[in-house]
Amino acid sequence: MGRSVRLALNALLGLTVAMSVVVDSHAQDKKITLGFAQVGAESAWRTANTVSVKQAAKDAGINLKFSDAQQKQENQIRAIRSYIAQKVDVIAFSPVVESGWEPVLEEAKKAHIPVVLTDRNIDVKDKSLYVTMIGSDFLEEGRRAGRWLEETYKNNPGPINIAELQGTVGSAPANDRHSGLMEIIKNDPKFKIIASQSGDFTLAGGKQVMEAFAKTYGKQINVVYAHNDDMALGAIQAMEEAGMKPGTDVKVVSFDATKGGFQAMIAGKINVDVECSPLLGPQLMSAVKDIVAGKTLPKRIVTNETVFPMNVAAQVLPQRKY
Ligand code: GZL
C-alpha cells in the first residue's frame, strides 16, 4: 500500500476517533430530562417524597418536569402523555392505584421512552412496560405490623377487635398492608377486624372514618390499624373527642414513621410505627442515569426499612430525616 494511501487512512482514522470523542462527550454533556408524575400532596409522607425527588434531581444535574395529580389517575395519565409529547428521556411516576395503566404505558413504549415506577407498584401482565420499580415491600410492612400484634397480645386470649383505616382504595400500599396483616392473623381466631374503611391516606379522612367507628363500636375497639400516620393522627383526634384513650385503652398501629408519627409515639398515642421511607429520590436519579447510559437494572429495587415501637421513639426522633 503506497505511503500516500497510508497517510490518508491514518488521517481518516484520527478524524474518526476525534469525532467519536466529541460525540461521546457531547452525549455525556446532554442534560437528561426526567418527567415525574407525582400522586399528590395528601400526606406528610408524600410531601417528603416530593422534596426527595426534587432535591435529588438538582443534585444529579437532571432536568426535572414535575406534576401533582391531586390523587387522580386521569391527571397522572394526562401528565405522562404530556411527557411523551415533550419527548423526555425518562418518565417516572408513583401510580396512585394498581390498575388501568396499560394504554398510556404502551404509548410510552411506542415512543421508546423508558418508564420507572417509584413508591407504588402496578398490576400489569406485560412487565416490559416499565424498567424497574423502586420502593417499599408493603406486604412485608403489613406482616411486620401483624407480628407486632401477635407479640403484644400473645398472653391475651382475646377477643381483640381491630378497626382498620385503609389507604386509597385500589392502591398497592392499601391492598398489601391489609393482605400482609391478614397473612399473620388469619389463623389466630382471637383477632377480628370488626370495621374497615378507606380514609384515603389523609388526616381528615382518618378522623372522619374514626368518628363513625367510635359512634358504632366505641369501647369494643381494642386496636386501630391505620395504613399511614396522617390517618392515625386524625383517628387520635376523633378518639379523644369521643372520650377514648388512644395508645392506652386502644392500641394504635401506624405506617410511614414520619416525624408526626414519632411525636405521637412520644406522647403515648401511637404504639408502633412501621417505617416506609419516602426518601426515594437518590435511588431514582441513579436508576435514570443508568438507563440513559444503557445499563440493565433489576426489575425490583426494595428500600430497607424497620419497625419503631413507642419506647424507642424519643431516642430515635433526632436522627429522623422526614
Ligand atoms: C407508601 C405511600 C403511601 C404512604 C402514605 O409508599 O404510597 O402514600 O404510606 C402516602 O402516607 O400517602
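**The annotated span and its surroundings**

Mentor: In residues 40-295, the end C-alpha atoms lie 31 Å apart. Helices are DSSP runs of H or I with at least four residues, strands are runs of E with at least two, and both are numbered from the N terminus. This is a predicted model, where local features need pLDDT of at least 70, side-chain atom pairs count only at pLDDT 80 or more, and totals for chains, interfaces and linings use all residues. Residues are numbered from 1 along each chain as its sequence is written, and side-chain values use heavy atoms, with hydrogens and water left out.

The span comes from a record. UniProt lists it as "domain: Periplasmic binding protein", in an unreviewed entry. UniProt positions follow the numbering used here, feature names are shortened, and annotations may be inferred rather than shown by experiment.

Now set the span in its chain. The protein chain has 322 residues, and 48% of them count as buried. Buried means under 20% relative accessible area, exposed means over 50%, and partly exposed lies in between (1.4 Å probe, protein chains only). The chain holds 11 helices and 12 strands. Its C-alpha atoms fill a box of roughly 100 × 40 × 35 Å along the principal axes. Among contacts with a separation of 6 or more, 74% join residues 24 or more positions apart. A contact is a pair of heavy atoms within 4.5 Å.

At the boundary, 14 residues of domain 1 touch 18 residues of domain 2. The two bury about 1,200 Å² between them, with 52% of it on carbon and sulfur atoms. That is the accessible area (1.4 Å probe) the two parts lose on being put together, summed over both. On the domain 1 side, Trp-45, Glu-98 and Ser-136 supply 39% of the area buried against domain 2, more than any other three residues.

Next, the rings. There are 6 aromatic pairs in the structure. One of them is Phe-36 with Phe-66: the centres are 5.8 Å apart and the planes sit at 10 degrees, so the pair is stacked. Rings of Phe, Tyr and Trp (its six-membered ring) pair if their centres lie within 6.5 Å; planes under 30 degrees apart are stacked, over 60 edge-to-face, and the rest tilted. Phe-36 belongs to strand E1 (residues 33-38) and Phe-66 to strand E2, so the pair ties together parts 30 residues apart in sequence. Phe-36 is buried, at 0% relative accessible area. Phe-66 is partly exposed, at 29%. The charged end of Lys-54 sits over the ring of Phe-66, 4.4 Å from its centre. The test is NZ of Lys or CZ of Arg within 6 Å of the ring centre and within 35 degrees of the ring normal.

Finally, the backbone. Most residues other than glycine have a negative phi, and most peptide bonds are trans. Gln-71 has a positive phi of about 60 degrees, in the loop between strand E2 (63-68) and helix H3 (73-85). Phe-201 also has a positive phi, near 70 degrees. Phe-201 lies between strand E7 (191-198) and helix H7 (203-217), and is buried at 3% relative accessible area. The peptide bond from Gly-158 to Pro-159 is cis. Pro-159 lies in the loop between helix H5 (138-152) and strand E6 (160-166).
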